[in-house]
Amino acid sequence: MARVSTNRAAGIAGPADGIWRAPELEGALFKPRDISLPGHGTGDPGGPPAATAQLSIAQIVREPQSFKLSRKHGLRDRLIAARHRLYAHIAALDWAPDLAENIGSARWFRGFGTMLGLGAAAVAFWPDFAPLEAAPAMRIDAGARDEFRSQMILPLALGSDSGRHMGWTKSVVPLQSAPERPQIELAATLVQGDSFGRMLQRAGVGGAEAARVTQMVANAVPLQDIRAGTKVDIVLGRRADADQPRPLDSLSFRARFDLDLALQRRDGQLVLERRPIRVDGTPLRVRGTVGPSLYRSARAAGVPARAVQQYLRALTDQLDSDSGMRPTDTFDIILAYKRAETGEAEAGDLLYAGLERNGKPTAQLLRWGSDGRFFEASGVGETRTGLVRPVNGSVSSNYGMRRHPILGYTRMHAGMDFKASYGTPVHAVADGVVQFAGRHGGHGNFVRLGHGGGLGTGYAHLSRIAVAPGGRVRRGQVIGYVGSTGLSTGPHLHYEMYRNGRTVNPASVNFTVRAQLEGAELQAFRARLAALKQVGPGAALASLAPKVAEPSEPAREIDRLAQPKP
């Protein structure tokens, strides 16, 4: 780009037509181009400044390259002439036109093709896309490679032979026998479904010794009380022969929350030592406002998720849709809680579920009995009304006349059929007495219960019976398992209901189930409820008092006599 401006001081006179030309550029490097300067040709000496001349690569005038040979004497001169003509032809070609001009023209496409061709040639001649490796600073021979390998951290798949002392060389001579470690310390885990003896054998304890240790542990604590996931610390001693298993030197584990067991070998015999752990069983009581979400409020107060779920299930049958649960109500939760002096804590089942409104109790439920049923403060248990399903399944056939699938004619279907898979547990719908349990014609394996007041229930086609005649059952107790005995085309439960000995439609009977405590059991229930409500909120979280050390007995008789009496 060149800039041409008027300069009267230099004696340059402008043309009469107002068009300025640069005579020094004509015929030189650029093509002649007229440059119009506004303000000139009008006689205005103080006109605007000169315009700018735009010069691009397309305006370059190439100088003719000519050569002259005086005479062509031989083959060498003719080759030189041909070479000069080829160079001149190649130089005349427009290999790299400006791609910013004349876009879409043949000249532009020729330049674009040149660019693509050069790029493709560069990619084609590139050896690889992997990073180039620089030449090593030193020559790596076998010795140097072995030294580097010895100082690496190799993965387990390659044997983990790291460390210079483990690098193999020709100087290494294998030993005929290597000394064994005097002891091996390891930890074993009792997994679900495994036995204590098999766990010891997997750890390296011999079969006979593992059976003896298992018997010693079983005498101290029932093996079924040892939870899955228990860690057992084992120390194995030196073996007398390479073909024999290592003897057990010591073993220790947490058998229960309140008990540690340890076995030590003393004078060649294993001795079991019981180490009781002091445990505080004060129940944990948590109170708080229900707020927008009872679950979130209780969890934020520190109640375990399992206890919150039990609390909600216990209140479901006690609160109707009208009274419900309001955000301003106060929840009162008491659950079993144990703390060990070693610092561990363990939360148990929900013991008490309470709800207060305006300072007055709306619900007070206490877990009572071996089956874990919740009772109200008055001693009344949960109440259910309507059809109680004896098995978890949908109804496949209702009460009434129907065509029998096996006999082929229409007759009375005196019960309800529930779809269930083979072996599904069948539960008693209410408390009662087993009036019949055994084989009963087309019913197959059959159980009949009497519930008092002339009401009874029957359960047919069972694969197995779990009760005996004359026994008492509780609501929800398993009395048998679904099968296909008798006149049956497949596994299902045929359920009947009787009123004064006659079958009735089970769906038409509002079966009300209510449990009531009486006499001494009611008094014990109320005493337990009063004791739990005396527990202060958060009392179980207080630190345990330090254990008072017992005075040691004098070892000598003279010291025992000299000791002052308390």
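How far apart in helix 2 are Trp-108 and Phe-112? The two residues are four positions apart within this helix (residues 106-124), so about one helical turn separates them. The legends below describe close-up views of a predicted model.

**Figure 1. Overview of the predicted protein.** The model contains nine helices and 27 strands. Of its 566 residues, 31% are buried. Among contacts with a separation of 6 or more, 57% join residues 24 or more positions apart. The protein exposes about 36600 Å², and carbon and sulfur atoms supply 54% of that area.

Figure 2. In the pair formed by Trp-108 and Phe-112, the ring centres lie 5.5 Å apart and the planes meet at 5 degrees, so the pair is stacked. Trp-108 counts as buried because its relative accessibility is 16%, under the 20% limit. Phe-112, with a relative accessible area of 30%, is partly exposed.

Figure 3. Phe-196 belongs to helix 4 (residues 196-202) and Phe-253 to strand 7 (residues 248-256), so the pair ties together parts that are 57 residues apart in sequence.

Figure 4. Glu-344 is placed in the loop between strand 12 (330-340) and strand 13 (345-357). This residue counts as partly exposed, at 35% relative accessibility. Leaving aside neighbours within four places in sequence, Glu-344 is in contact with Arg-254, Phe-257, Lys-338 and Arg-339. Two of these partners, Arg-254 and Phe-257, also form an arrangement with each other: the charged end of Arg-254 sits over the ring of Phe-257, 5.6 Å from its centre. The C-alpha atom of Glu-344 is 9.4 Å from that of Val-279, a residue 65 positions away along the chain. Elsewhere, the charged end of Arg-448 sits over the ring of Tyr-498, at 3.9 Å from the ring centre.

**Figure 5. A nonpolar surface patch that includes Ile-90.** Leu-86, Tyr-87, Ile-90, Leu-93 and Trp-95 form a nonpolar patch on the surface. Their accessible area together is about 510 Å². Within this group, Ile-90 lies in helix 1 (residues 75-92) and counts as partly exposed at 36% relative accessibility.

**Figure 6. Loop residues with positive phi.** Most residues other than glycine have a negative phi. Asn-102, although not a glycine, has a positive phi of about 50 degrees. Asn-102 is found in the loop between helix 1 and helix 2, and is exposed, with a relative accessible area of 51%. Asp-267 also has a positive phi, of about 55 degrees, without being a glycine. The loop that holds Asp-267 runs between strand 8 (259-266) and strand 9 (269-276). Asp-267 counts as exposed because its relative accessibility is 81%, which is over the 50% limit.

Conventions. Residues are numbered from 1 along each chain as its sequence is written. This is a predicted model: local features need pLDDT of at least 70, side-chain atom pairs count only at pLDDT 80 or more; totals for chains, interfaces and linings use all residues. Side-chain values use heavy atoms; hydrogens and water are left out. Patches are made of residues with over 30% relative accessible area and no salt bridge: like charges are joined within 9 Å, nonpolar side chains (Val, Leu, Ile, Met, Phe, Trp, Tyr) within 5 Å. Accessible areas come from the Shrake-Rupley method with a 1.4 Å probe; for residues, only the protein chains shown count as cover. A salt bridge is a side-chain nitrogen of Lys or Arg within 4 Å of a carboxyl oxygen of Asp or Glu. Buried means under 20% relative accessible area, exposed over 50%, partly exposed in between (1.4 Å probe, protein chains only). Rings of Phe, Tyr and Trp (its six-membered ring) pair if their centres lie within 6.5 Å; planes under 30 degrees apart count as stacked, over 60 as edge-to-face and the rest as tilted. A charge sits over a ring if NZ of Lys or CZ of Arg is within 6 Å of the ring centre and within 35 degrees of the ring normal. Contact means heavy atoms within 4.5 Å.
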